[in-house]
Amino acid sequence: MTKKEKVDFTINTLKELYPTIPIPLDHKDPYTLLIAVLMSAQSTDVRVNQITPLLFERANNPYTMVKLSVEEIREIIKPVGLSPMKSKGIHGLSQILIDQHNGEVPQSFEALEALPAVGHKTASVVMSQAFGVPAFPVDTHIHRLMYRWGFSNGKNVTQTEKDAKRLFPRELWNDLHLQIIWYGREYSPARGWNLDNDIITKTIGRKSVINEYYKK
């Protein structure tokens, strides 16, 4: 198969498997999405979705969030891990949204990435899922699969994002990054991986990855 045929095969397989795409993090607007994404660092979406309703019941906008102390926020979000850092980030970021953005989440990568605790991946998730701007946030699943499929060299997530944006049509980015995440979770996990279930890797995967699998 040519590279283009491999890309087309991947896109078509993902479309068939995920014609409707569930959104991993529960939210109701750009602000609650931003907070949920912040909380998901080194935690699972399932855990975050258990805790965000408790937090958003107390504060679901920047104005009510800054009325809570950092300690109160920390106490609520403790189960998601890294709570000292995340609670400071949530409080500080909410204050900046009020002071600099009229309490609204800004709609540009630059403004988002200027906020405390917001990196490029978080900004990409918010831009794509809250505002519909084409972006390709790379998480561990996408990073792993782009390497397994021979679409990227696995050097770092920045390179993986560049390769994904070069290979896949821009109008598909917002759906595709979510479809790859769900596929990685269900069919091509890091642990307990069964290549027989993983139709994409089995069909187009990097030879060295497949050989390594069979050696084990």
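Entry 1, ground rules. I number residues from 1 along each chain as its sequence is written, and I use heavy atoms for side-chain values, leaving out hydrogens and water. Because the model is predicted, I need pLDDT of at least 70 for local features and count side-chain atom pairs only at pLDDT 80 or more, while totals for chains, interfaces and linings use all residues.

I looked up the aromatic pairs (ring centres of Phe, Tyr or the six-membered ring of Trp within 6.5 Å; planes under 30 degrees apart are stacked, over 60 edge-to-face, the rest tilted) and found 7. I noted F151 with F168, which is edge-to-face at 6.0 Å centre to centre and 85° between the planes. This pair joins distant parts of the chain, 17 residues apart: F151 is in the loop between α9 (140–148) and α10 (157–167), and F168 is in the loop between α10 and α11 (173–186). I take helices as DSSP runs of H or I with at least four residues, numbered from the N terminus.

I found both F151 and F168 buried (under 20% relative accessible area; exposed is over 50%, partly exposed in between; 1.4 Å probe, protein chains only).

I logged Y213 and Y214 as edge-to-face, 5.4 Å centre to centre with 80° between the planes. I list Y213 as partly exposed because its relative accessible area is 24%, and Y214 as exposed because its value is 53%.

I traced ring pairs linking F136, W149, F151, F168, Y183 and Y187 into a cluster.

I checked for NZ of Lys or CZ of Arg within 6 Å of a ring centre and within 35 degrees of the ring normal. I found R148 over the face of W193, at 3.5 Å from the ring centre. I also found R185 over the face of W182, at 5.0 Å from the ring centre.

Methods: Helix = DSSP H or I, 4+ residues; strand = E, 2+ residues; numbered from the N terminus.
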